Amino acid sequence: MCENFLVAMSTDAQANLKTRKILFASLLALICIVLVYAAFQRDKPWIVPEEVKKRKNPIAPSDSTLKAARGIYMHECAQCHGEHGKGDGPEAMMHDPPPSDITDTRHMNTVTDGEIFYQISEGRKPMPSFKKRLTEDQRWGLVLLVRSFSASSAPPIQEKKPDAGKNATAAPKE
Ligand code: HEC
């Protein structure tokens with residue numbers, strides 16, 4: 001009787017081990033799938049509808065629009081993108097993918113104002129959507145501000161100074 005019991009125990013234990021092995025293997029497979037999926041997601045370009053891409057900024061750049069946008073930026077965006085847009089805000093480390101460096105002139109030259117407007121409006125995890133929180137005008141103001149971050153080598157507002165050559169790269173520091 002005792003023997004029977006032991007045999008029953010061990011087949012039970014074996015069955016148990018087998019289920020656990022299967023569970024473990026499925027778990028590993030699941031983790032792999034998630035990792036691969038995440039890797040693909042990360043490099044996916046933002047898909048922005050053509051008509052939105054072509055939209056022009058209705059707001060004219062001025063000191064007051066930039067100042068207002070700056071206030072919103074410090075409140076809503078700087079914790080991730082950093083005070084000057086480098087993607088080094090205090091919360092940046094908590095996010096994956098990390099917040100973009102929006103001072104990168106080479107990259108920013110490849111996106112249109114309409115695209116930036118769309119990105120701010122829709123967001124993309126972990127970046128939140130701002131279309132409910134901010135008005136259209138506020139978002140277009142932010143587009144101007146975002147542009148100003150990457151503008152050190154390509155000034156957005158053309159200054160007609162005869163001697164602009166030397167000072168053109170020295171962006172005013174606040
Ligand atoms: C919670 C952190 C977080 C906040 C807050 C946030 N962002 Fe982002 N932002 C991100 C991340 C992360 C990405 C990259 C998303 C991706 O590529 O999938 C991003 C991407 C962007 C991009 C696209 C840059 C590119 O790669 O072309 C712009 C523009 C931008 N953010 C502007 C803003 C503005 C303006 C605000 C405030 C209104 C803001 N973000 C608030 C995290 C944040």
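How many of the 174 residues of the protein chain count as buried? The share is 26%, where buried means under 20% relative accessible area, exposed over 50% and partly exposed in between (1.4 Å probe, protein chains only).

1. **Basis.** This is a predicted model, in which local features need pLDDT of at least 70, side-chain atom pairs count only at pLDDT 80 or more, and totals for chains, interfaces and linings use all residues. Residues are numbered from 1 along each chain as its sequence is written, and side-chain values use heavy atoms, with hydrogens and water left out.

2. **Fold.** The protein chain has eight helices and zero strands. Along the sequence the pattern reads α-α-α-α-α-α-α-α. Helices (H or I, at least four residues) and strands (E, at least two) are DSSP runs, numbered from the N terminus.

3. **Iron site.** H81 (NE2) and M127 (SD) coordinate the iron atom of the ligand, at 1.9 to 2.1 Å. H81 belongs to helix α4 (residues 78-81). M127 sits in the loop between α6 (113-122) and α7 (136-149). The pair is 46 residues apart and links distant parts of the chain. Donors here are N, O and S atoms within 2.8 Å of the metal (3.2 Å for Na, K and Ca); water is not among the atoms, so sites may look incomplete.

4. **Geometry.** Why is the arrangement around the iron atom octahedral? The six donor atoms subtend angles of 85 to 179°. Six donors count as octahedral if opposite donors are over 155 degrees apart and all others between 65 and 115. Ideal angles for six octahedral donors are 90 or 180 degrees.

5. H81 counts as buried because its relative accessibility is 12%. M127, at 25% relative accessibility, counts as partly exposed.

6. Which of the 22 residues around the ligand come nearest? They are C77, C80, H81, R124 and M127. A residue is near a molecule or strand if one of its heavy atoms lies within 4 Å of it.

7. **Polar distances to the ligand.** An N or O atom in the side chain of H81 is 2.8 Å from a nitrogen atom of the ligand. R124 has a side-chain N or O atom 2.7 Å from an oxygen atom of the ligand. For S100, a polar side-chain atom lies 3.2 Å from an oxygen atom of the ligand.

8. **R124 and W46.** R124 also has its charged end over the ring of W46, 4.6 Å from the ring centre. The rule asks for NZ of Lys or CZ of Arg within 6 Å of the ring centre and within 35 degrees of the ring normal.

9. **Aromatic pairs.** The count comes to two aromatic pairs. Y73 and F149 are edge-to-face, at 5.1 Å centre to centre and 65° between the planes. Y73 lies in helix α3 (residues 63-76) and F149 in helix α7, so the pair ties together parts 76 residues apart in sequence. Y73 is buried, with a relative accessible area of 2%. F149 is buried too, at 13%. F117 and W140 are stacked, at 4.1 Å centre to centre and 10° between the planes. F117 is in helix α6 and W140 in helix α7, so this pair ties together parts 23 residues apart in sequence. F117 is buried at 5% relative accessibility, and W140 is buried at 1%. Rings of Phe, Tyr and Trp (its six-membered ring) pair if their centres lie within 6.5 Å; planes under 30 degrees apart count as stacked, over 60 as edge-to-face and the rest as tilted.

10. **Cis peptides.** Where are the cis bonds? One joins D96 and P97, with omega about 0°. P97 is in the loop between α4 and α5 (105-108). The peptide bond from K125 to P126 is also cis, with omega near 0°. P126 is in the loop between α6 and α7.

11. **Loop contacts in space.** K54 lies in the loop between α2 (50-53) and α3. K54 is exposed, with a relative accessible area of 60%. K54 and G114 are 60 residues apart in sequence and 5.8 Å apart in space, C-alpha to C-alpha. L134 is in the loop between α6 and α7 and counts as buried at 7% relative accessibility. L134 and I72 are 62 residues apart in sequence and 9.0 Å apart in space, C-alpha to C-alpha.

Key: Tetrahedral: all angles 85-135°; square planar, octahedral: opposite > 155°, others 65-115°. Polar contact = N/O pair within 3.5 Å; in protein donor to acceptor, adjacent residues only side chain to side chain.
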